[in-house]
Structure formats: C-alpha cells, structure tokens
Amino acid sequence: MPKTPLPLIAAGLWLSGAAAWAAPAPPAAPAGEAVDKFGGWLDVAGTPGESFHLERIGSRWWLVTPEGHGIFIRAVSKVDTADYGGSGGFQAYDGVYLETAGALSPDLHAAAEDSRPGDVVHPASGFTLKSVGDAIYLGSSRFKPNYTYFWLHQLGRGGRLEWLYSTESGWKPIGGDGRPQEVRVPGPGGSWSLDAGNYMGPGEDGFGRWEHPAANRVTWWDMAQGFPDDFAAVRFAGDAAPRWYLKGVVREGFSVPAVLNQCYERAELAEVIAKKYGPGDHDARWAEAVTERLRSWGFNAAGQYSYRYVEKAPGLGDRLPVEPTWALGGWVTRKDRPYHAKNVYAGAVFPPGSRELLYQGLQPDAFDPAFERGYVEMVRREARERSATGPWSWALIPEEADYLFGLNSLTHDHLGYVALSQNPFHPRASIDGKEIAYDDPRLYAKYALRDLLRDRYRAAGDDLPAFQPGTAVPAYGYARRPAGPELAALENLNAAWGTGYTTWDTSSGDLARGDNAWGTGSGFMDEDGKGILAPGCRSVGFEKAFTDPAHPPLRKDLDDFVKCFAWRYGRVLSKAFAQVPHPVLLLPIYNGPGFVYEALAPYADGFWVSVPDAKDALRIYDAGRKPLVVADYLTADPDSPCHFKAPIASVRFDAARGTTAITAPRLRYVFRMAKAITFPDAPELLESYRRVGKPYPCPRVTSAWWDIVEVPGDYTGHLRPGMHIETWKHGKYPYPRRTQEERARDMIRHYEALLSLRGDDGLGFVIGIEHWCLYDPAPSNWCDDENFGLATFLDDAYDGIEARRAVGTDSRGRPIGGEDGDYGDLLGTLGGFLRTIRRRSPRRRARGEGARGAGRRAPGLSGHRPAITWPPAAASPAARCPPRRPARRARGALPRGGTSLPSRPSRSSCSPTRPCSRPRGGPARARPASRRRRGLRRPCPARPAPGPAAAPAPRRRPGLRPAGSWPRRWLRRPAPCGRSRARG
C-alpha cells in the first residue's frame, strides 16, 4: 500500500465546528397524575375485565382498561422501524477525495452530493479510479458511514478494490479482509469494486427507477455487531475537520476505469434505527426509548401499524397499550391468497365510455361469495397467528382504511355509481400490480344492485321474496324479454329514473360468456353510467350532485345501495369476528356519508375517523351513535426535510421542447419522483396561467438534475432571477402551517374542539385521538412525502433541540442532530398540552356516578354482540329508555314490497333537550333555569345495571371540582364551519 501523501491525524469526535452538547432529559409525566399500569386514570372508575372495553360512565363514553379505569387514548400511529417502501434517506458526505499517482484531489463532496453525471473525477486523470494505488476517500463529520449509495456514469471493469476504515493508528481492512458486509448487487468475487449494479438510480428524467444497471448500495458492517470499536474520526493535513472515513484502494488495475456520478449515505429507517440503538437488540432498545419519548410528549398508546413496537413491547418492563392492525380487505383480494374477491373499483372509468380510469381505490365486493368465505377463514387464522387478543391491545383495526374506498370518504367516487357503471363480466383484474384471472367472472355488486332495484320497484301484488342484504346474489331470475311483474317493476324503474331499459338483463349476448352488450345495449346490465348523469357532470364523488336532477330517485337509490352494501359488509365482518375473542373493534372509516356509519354501527364497537373539523365528528357520531377515535394528519411541510424552496438564478425556455429550464443553486432535488412546484413571488400567474399552456399555475416537474428542473410551458415572461421556486401540494397551498409551532397550535385547537363535543344524545363520544404518525417518510419516498412525523427520518424529534444541523447526543448518549436544516419545535407546546389533558378532559364523577351508569359495559360491544337480524337489534344508548309511542316506520324504508334498508333505531322519548319522563322514584325534575341559560344539555339517564347496588360515592375532597364534570368552556358545541377535504 503506498503511503498517503497527507498524514492522517487522530482527532476524536468533532461536531460540525461546534462543541459537543447533550440534549436535556425529557420531561417527566405530570406530578400527581394517578394512573394504573395501562394508563387509565384511577379517579375514573369502570368495571375491571380481561381486556380493554367500552363503557358509558356518567355522561360520556369511556375506553376502560383491564384494571377498570377510564383512559383517554392519545396514540401515535406507525410506531415502527419500517419506512414507506424502502426508498432510503439522503445524507451527503462532507469530505470526498480521490488519489491518483500520490496526488490528492480537491474536496469533491459537492460533486458527490449532486446528481450531475460524471463529475466525481480526479482532475489529473478524468476518472474516478483506474490504476493500482488509486484511492477514494468518503468521509463524514456528522455520522459514521455504513450504507453507501453509488451511482456511476461508467462501471469499472477488471479492477479490484480493498475497503478500509480510519482508526487513530491508521487504516484497517473492513471485516478483516477488506470486503463489505453486504452488497445489493455483488461484483465478481462477491465483493464490489465499482463494477456492478442493478439498484435504484436516476432515469433519463432524473427521477428514480429500479434496476438501474449502474447504481448500487453497500453495507459495510452488520449493525447487530455494531461499528468497530476503533473506528475513529481523523483529519487530513490541511483539512480542519476530523471525519469518519472509508477508503477504497485499487489493488488490481481497471481495464475500463470507473467514473462516478453521485455518492452519499442512503439508509432505510430500520437501518437508521440500527445505527442509533445498536449493537445487539437495537429494536428492543428503540422500543424502550420510544416508550419513554412518547410518554414525555404526552402520548399514552401506540396506534395503527405499530408492528415492530407490538413485536417488542411484551419484552419491555414498561410499555404502552397497542392497536393491532389487519388489512382484511386487501388480503381477500390478493393474488397470493386463495379467495380472490373482486375489487368493485377495478377498471372503472369516467366519463362513461372513455378510457379515463377513476382512481383505482380498493373496495372488496361484499356480495361476492369469496368475500364472506375469505373473511371467516382469515379472521379465524389471524386471531390464532397474530397477537390481537391480549390485555394490552386497546383496540383492533380489522381493515386498512384505504381498502374500504367505497365507504370511507365523501371525496371518493360514489360506490353506487361505480357498481352501476361497471361491466358485470369481470374475468380478470389487476390487484396490487398483479393480474388475477377469476374462476367466477361475475361482479356481484352490480347483480346486487339489480336485485335491490327489482325488489324496490315491484308492482302491487308481486309476491317476489324480499331482498335482504344477507340474501345470496343473484337473488332472482331474469328474462331477456320481461313480462308480468318483472316487466311492471322495470317500467316503474324507468319512470323513476327517466331511463328506457328494455330488460333487467343484457339486451344481447350472454352475461355468463362475456359477449353481453355492456355500454351499447338497452338492458339494465348494459348500463355504463352515461344514462343517469346530470348534464355537464364532471365528477361522481359522494359529495357531488352527479345524477340527473330531473329524477331524484336516482341518487336516493344509489345511496341506498351503498347503505345496503355497508350492511352486508358489516354483517360479514361481525360473523367473522364472532368466532374469536377480540378487543374493541374499531372500523376505520375516515369521513364517509352518514348512512354508512348508520349501517355499520350495529357491527362495530366504534369508528376510527379522520375529519377536517369537529363538526364532521359530531355528524358521524349522530349518524352511528358509536364512540370515535379521531385521527389527525396535520403537517408543516415547509419546516421539515420534506420540502424545498430556493431562489432562482436563471430561467431559459427551450422552444423545440416546449419546456422552461429553471436553475436554483440551493434547490438540492433529492426527490425520486416528479414534484409539483409553484412560484410564490409571481402572483400574476394565478391570473395568466392559461397563457403558459397548462390548466393550473403549479406545473409538475418533467425532469430534475439537482439544481435544475424543467417544466412544461414558457415561464420566461413571469419569472426572473431572485424569485423563488417552492414545492406545491394539491389542496394544501398556500400552506396553512409553515412552522412546527403553527402545527402544534392547530393540533391543539383540533383536540380541544374534539374534547368539547357531545352528541345529540347528550353523551361525550370522543374516546381518543391518534396522530399519524411517528416518523416523516424519507425525502426520496415514492408516495406519501409529507411531514406527518413527530420526528424526522433520522429519528430526531421536532422539539427544537434534536432536529437541527448541529450534532450532539441525547440524555442517554445517543446521537441526535445532523439534519440539513434547523427545524422548529412541535413537541414543546404540544407535549405541554397533552401532558395536562386530564385538566381539560371530562372531570371526575367516577365512582359516585356508578349509581347511574358507571361501570356499565355497553351491550353488544367487545365480543358481547346481539344476534344479527335485519334490521339488526338496536345497540344505541339512546334506545335504552322506552319510547313514548310506537316506533314509526324506519327511516329510509324502501317502497313497494316492504323491504327496508336498516336505519338508526328511532329515538326514545329521552332527548338531549327534554328530560326523560320515566318515573325514577319521584316526578321528573325540570332542568334548572341556570342550565338552560348556559345551553347545557341534560343527558338521558341510564337504567341502573342489574346486580348489586353500586358503591356509594366517595366523599369529595375540599377544593376539587365535582367528579366527572367538564370545565364549562368545553361543554359548548363549536360553531359550524366549512367542509374541507379529508385524507383518503
């Protein structure tokens, strides 16, 4: 090995020019907050049991711990070490040198960081490495390198490298033999010498594409063993900064020299965690640390998709309750499972007859026989194989919310329209990118819609059996040329819808063979959607009026079909879970139509929702009367690594290509996908954007090379140097929150509004909140790329201390900092609110409330379900008081034939604004005038639970607020505000 011309001098740990510092210890839990081991408040007394369960205690719903205490859930989703798709992060090395013939190059770290091709070369040779003795040095003052990404302009051929690391006493071979621990695509001999690739790299447009022949990633050490103890930061003479260095030395010369484009640290989240918490069982140490951190931030539970935490939590001495998460809807449609239920949305187009696919959300067909069989079998198996029934599971989420696409959001394309417009012959489809051929090609949702309408529009005297959501589909037989009652029902449908169907079937061909006349014929089963749309209709979302306004029954029938579909889904789900014990079952329906919650309520313990404001949560509860866990997805992208904004240096229009090239030297386009951008200093684009050839002022980048991006159209008349280019997000620009402090403000406002809610039955119903999620995605992520996290991808908390440029250590000695920017403080303010949420939550009527409902499990919940009927037995708390008069016909009843879709049970004479008239040992008491003036509502009193009398209320200590009461300012319902778009 030739001598290094510049001696290496041991330097110890050096932190970006600043002295080493340590973050203070996280704040302790609020003094004096008495909780049981699950986090339940000791002064909210319910009924102990084997698992978490729901109870109505006093004037609100509570989640109750196994030890019998009410808990208000403050959960964080995705407490996990897996990122969103394994895209990896981006950390530039800050010292990159090449050595040729004993001469060291200038520092090439800027060339190695950017994505310009062929620029990491020695100025004396024009190559990266070629001859024996040539070397490459990769160094960082912020972190120890271990996951190095290489993208080459030209792969080397015939050469061999030995890899070494820096120590205080000189260079040592990695692994003892100079070979890395792992290479994604090994070269000849199993090592790597800049001579092989098939990893992810930039395509012709600069965006990422997999299986790039000249890209690779190398892992130098196994983090289960950790870094070598003698791996030390050293400095080159003439370079003031000590760095941890890797060195690759050419031991056999190249016949074709290697030319490098880009080189940086590209760790996935699990690898970031392994580096920070290793060696040994780094996941267990991470789980222990994340428990401590979440508690210090005011959270008390792990939420959805916390797979690694669920795995490691049983081994912790101190742990958080968890929320096991399944994805039944995705599993039942997958190719690699045996069920192959169809996705109702697969292949749906709009406008009708076009090839413009609707967004292909996933909604398994609840009427498909494979659906019920799959759910029953999967729940039985999953309950046996997955940890979902232990006492630490505060709830079970049976579905991925996005797999209930037809039910879970007002902004989604209407499931009724999609079922109506689809070809009933579905021989194959693409699910998760895999083609599936179906043995049974029938799209049962369309057959079910036909059966429901055939029953609904029956003529008087038609003795057709009533259609029920549990009825096997197809329920009836149909003739090509209808006659008698069948023809009369078709004429009734045509009159109501303004259509001219000649048959309930297809007008030509055969539905079973697939030569039917869908889209061209005159039969009901030939409908492709164009026969029912309003003139000029451009959208078929739930919140849109897309049906012909001249025929109101159209929309009602499609809505009722969705309600029927939801009942069918809920019935199957309930049947599947009746086989096994399980914790509280929460259905994740973001912000759907009210009739969906009404239909699903008898089959779920509660709902996991995401709403833009508290008004929507109130709407949902009043529709379904089931408790809610409310999620939030609030972000502050501009104050995070998931954003860019840079000053423009030049603007150039290429007339031949019809694109504008924009140069912004501080842009650093590390993203692996095309971003939409905007120009905040050019407001005139909002008025004149049509002149640049695009229908919006926020073009999507067509190519990107570090600090140069191209966009379609001519922007030279609107942009000039000094203006800025910035990331643009649909529906989120201008950004409502530009700092983490503003995000904390809005999260607190949202949570406060939720705490104040009471339903139209007088009950508080929000039993918890859940923030999505623990970590930001990597900036180079392919899909979700927003600042959802409480911490960055590097596991630095947004607390004003960790997520900073400066590097240091936390109170446990673990590394923090090293970010590309100094980011704001989310958790200081938010944590202060959450840690004191007990003062803002329902106050302590606890034990004294027992005589009027404390400790009462809600019937039909947590595995104790009523028998399934049609309509199902009411489990609503409002139905516990006897009605004053016979129940009226159910809302939403179907005409002609007596078939009615289930609706919420009729309310009793106990209403939120009128006291219950039932005697309770004396005459009913009217509300005090003072309560009426304050606008407070007297809740419907609960019937005493059977069994021994409740314990007497404990004596109230002087100076305490009456137990169980809310602060008065939280009891007023928030003023209505406008609807905004929910996630999903």
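Select helix α14 (residues 740–755) and helix α15 (residues 827–835): they pack at an angle of about 20°, with their axes 8 Å apart. Helices here are DSSP runs of H or I, at least four residues long, numbered from the N terminus. Axes are lines fitted to C-alpha atoms over the stretch in contact, and angles run from 0 to 180 degrees between N-to-C directions. This is a predicted model, where local features need pLDDT of at least 70, side-chain atom pairs count only at pLDDT 80 or more, and totals for chains, interfaces and linings use all residues. Residues are numbered from 1 along each chain as its sequence is written, and side-chain values use heavy atoms, without hydrogens and water.

α14 and α15 are therefore roughly parallel (angles under 35 degrees; 65 to 115 count as roughly perpendicular). Now show the contact (heavy atoms within 4.5 Å). From α14 come A744, M747, I748, Y751, E752 and L755, and from α15 T829, L830, F833 and L834.

Next, select helix α2 (residues 269–277) and helix α3 (residues 282–296). Their axes come within 9 Å and cross at roughly 90°. So α2 and α3 are roughly perpendicular to each other. In this contact, α2 supplies I273, A274 and Y277, while α3 supplies H282, D283, R285, W286, A289 and R293.

Last stop: the second largest cavity. Select G347, A348, V349, P352, G353, S421, Q422, W518 and D528, which line this cavity. A cavity is a set of points on a 1 Å grid over the protein atoms alone where a 1.4 Å probe fits but cannot get out; lining residues have an atom within 4 Å of a point.

Methods
1 Å grid on protein atoms, 1.4 Å probe; cavity = no way out; pocket = protein on both sides within 12 Å on 5 of 7 lines; lining within 4 Å. Helix = DSSP H or I, 4+ residues; strand = E, 2+ residues; numbered from the N terminus. Parallel < 35°, antiparallel > 145°, perpendicular 65-115°, else oblique.
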